[in-house]
Amino acid sequence: MTANATVTVNGAVHDWESVSITGPHGAFVGISELNWKASQKKKRVYGKGAVSVGAARGNYEASVDMTLLVSEYQDLVSALRGGIFKSVFDVALAFEPDGAKQHEVILKGILIDDVDEGTKQGDEEVTVKLSGTVQMIMRDGVADYK
C-alpha cells in the first residue's frame, strides 16, 4: 500500500454491482460494459521568446461506448423511434453502494456513430458494441463543461 492510498472505513466502494443504468427503454439489464470520457484539448500560444504567453482552448468533446446483449440492443432500438443512427438519447448511471457515497453520471445527448456485431464458434453470448458521441457529461449534477 502506498502512502497516498485511500482506505474506506467499511470497505464499500463503487463497483459494477452497485450501479443502476437507465436509458430510453428503461433499465439496462443486458449490459456488460459502459465507458465514457470527455476531453478538451489545450494548445500553448507563443509570442516573442521561447516561453508560452498563454493557452488556447479547443472544443469540449465527449464519447461513449457500450456492450449490450442482443436482446438489450433490440429493446434500445425499439425505444428509439428514429433508429439507432438518427436518435438522440440519454443514459443515466447511479452508483449506490451500501455504506458509500452515491455517485451519479448522466450522459446527455448520445448520438451513435458505430454499431459492431458479430459472433463466432464457441461464443457463449452474442453482443453488440455501440460507440458514439455525447453532448455533455453530468457528474453528480455538475456539467463537465460550463
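Guide: Let's begin with pairing: two strands pair if DSSP finds at least two bridges between them. Strands (E, at least two residues) and helices (H or I, at least four) are themselves DSSP runs, numbered from the N terminus. One caution: this is a predicted model, where local features need pLDDT of at least 70 and side-chain atom pairs count only at pLDDT 80 or more, while totals for chains, interfaces and linings use all residues. Residues are numbered from 1 along each chain as its sequence is written, and side-chain values use heavy atoms, with hydrogens and water left out.

Visitor: What makes β5 and β6 a pair?

Guide: They share six bridges, in the antiparallel sense. The rule asks for at least two, so they count as paired. One of the bridges joins Ala-92 to Ile-106 in β6.

Visitor: And what makes β1 and β5 a pair?

Guide: Strand β1 (residues 19–23) and β5 have four bridges, again antiparallel. In one of them, Ser-20 has Ala-94 of β5 as its partner.

Visitor: Why is β5 called mostly covered?

Guide: Five of its seven residues are buried. Buried means under 20% relative accessible area, exposed means over 50%, and partly exposed lies in between (1.4 Å probe, protein chains only).

Visitor: Why is Val-64 called buried?

Guide: Its relative accessibility is 4%, and that is under 20%, so Val-64 counts as buried. Val-64 sits in strand β4 (residues 52–69).

Visitor: Which residues does Val-64 touch, apart from its neighbours in sequence?

Guide: Contact means heavy atoms within 4.5 Å. Leaving aside neighbours within four places in sequence, the contacts of Val-64 include Leu-34, Trp-36, Leu-107, Ile-110 and Val-134.

Visitor: Is Thr-127 buried or exposed, and how do you know?

Guide: Its relative accessible area is 18%, which falls under the 20% cut-off, so Thr-127 is buried. Thr-127 belongs to strand β7, and beyond four places in sequence its contacts include Thr-67, Leu-69, Asp-116 and Gly-118.

Visitor: What makes Asp-90 and Lys-108 a salt bridge?

Guide: A salt bridge needs a side-chain nitrogen of Lys or Arg within 4 Å of a carboxyl oxygen of Asp or Glu. For Asp-90 and Lys-108 the N to O distance is 3.8 Å, so the pair qualifies. Asp-90 lies in strand β5 (residues 89–95) and Lys-108 in strand β6 (residues 103–117), so the pair ties together parts that are 18 residues apart in sequence.

Visitor: Why are Asp-90 and Lys-108 called partly exposed?

Guide: Asp-90 has 35% relative accessibility and Lys-108 has 34%. Both values fall between 20% and 50%, so the label is partly exposed.

Visitor: How many salt bridges are there by this rule?

Guide: The count is three. Among them, Lys-120 and Asp-123 have their closest N and O atoms 3.2 Å apart, and Asp-144 meets Arg-139 at 2.7 Å, N to O. Lys-120 is called exposed because its relative accessibility is 59%, which is over 50%.

Visitor: How do you know that the buried residues of helix α1 are on the same side?

Guide: In α1 (residues 70–79), Glu-72, Tyr-73 and Leu-76 are buried. They cover an arc of only 100° around the axis, which puts them on the same side of α1; the arc is that of the directions from the helix axis to the C-beta atoms. The elements that the buried residues of α1 pack against include β4, β5 and β6.
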